[in-house]
Amino acid sequence: MKIRTADLPGIGKKISFITAAQSMIVLIVHHTGKRELYFFEDADNDEADFSISLTGEETRELGAQLLGAMFQPVDMDKMKMFKNQIMIEWVDVSPASPLVHKTIAESQIRTQTGASIIGIVKGKDVIAVPDINVVIHPGDTLMIVGKRDQMSALEALCRGEETT
């Protein structure tokens with residue numbers, strides 16, 4: 001990326017960024033604190049494709065987001081490894097399940113299977129990250145997370161099948 005700066009007498013500073021795709025982003029920082037951001041699809045164009053005015057606070061927040069303050073992308077090799085090992089599934093609880101009418105704690109799901117419940121749909125209600133005192137009922141849909149063998153064991157419990 002190429003970066004150029006220029007003083008704008010009586011106005012402030014102009015900072016131009018030429019991207020790898022040969023687009024251009026221009027930031028004008030006024031002495032008053034106002035910021036104007038311009039985008040040029042083609043860096044050689046004289047007229048911006050769009051522009052936006054930002055306050056100092058908005059500019060700082062945008063900068064923080066661009067730096068990854070709230071979200072950091074995951075390395076794709078690590079993500080592939082993670083996706084091959086950890087799964088998330090939805091499974092319905094059968095009336096024949098030994099989990100029925102027990103709390104999450106009483107059912108000892110994690111101890112028995114290694115998998116965890118990370119959400120429950122109870123009719124029209126959704127419980128995200130349920131407490132261990134939530135009672136499991138027939139017809140509940142559990143959002144579960146674990147490795148493939150852990151998931152299979154918990155799915156079998158939800159169906160009412162014997163597990164080893």
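Let me start with Glu161, which is partly exposed, at 40% relative accessible area. Its partner is Arg159: the two form a salt bridge, with the closest N and O atoms 2.9 Å apart. Arg159 is partly exposed as well, with a relative accessible area of 41%. Keep in mind that this is a predicted model.

One joins the side chains of Lys13 and Asp7, at 2.7 Å from N to O. Here Asp7 counts as exposed, at 57% relative accessibility, while Lys13 is partly exposed at 34%.

The other is between Asp140 and Lys122, at 2.5 Å from N to O. This pair links distant parts of the chain, 18 residues apart: Asp140 sits in the loop between E8 and strand E9, and Lys122 in strand E7. Are these two residues buried or exposed? Asp140 is buried, at 5% relative accessibility. Lys122 has a relative accessible area of 19%, and since buried means under 20%, Lys122 also counts as buried.

Four strands form an open sheet, in the order E6-E9-E7-E8, with antiparallel pairing. The edge strands are E6, residues 87-92, and E8, residues 125-128; each of them pairs on one side only. From one strand to the next, the twist averages 20 degrees.

Last, the pairing of E7 with E8. Strand E7 covers residues 116-122 and pairs with E8 in the antiparallel sense over 4 bridges. Within this pairing, Ile120 stands opposite Ile127 of E8.

Conventions
Residues are numbered from 1 along each chain as its sequence is written. This is a predicted model: local features need pLDDT of at least 70, side-chain atom pairs count only at pLDDT 80 or more; totals for chains, interfaces and linings use all residues. Side-chain values use heavy atoms; hydrogens and water are left out. Two strands pair if DSSP finds at least two bridges between them. Helices (H or I, at least four residues) and strands (E, at least two) are DSSP runs, numbered from the N terminus. Axes are lines fitted to C-alpha atoms, for helices over the stretch in contact, and angles run from 0 to 180 degrees between N-to-C directions. A salt bridge is a side-chain nitrogen of Lys or Arg within 4 Å of a carboxyl oxygen of Asp or Glu. Buried means under 20% relative accessible area, exposed over 50%, partly exposed in between (1.4 Å probe, protein chains only).
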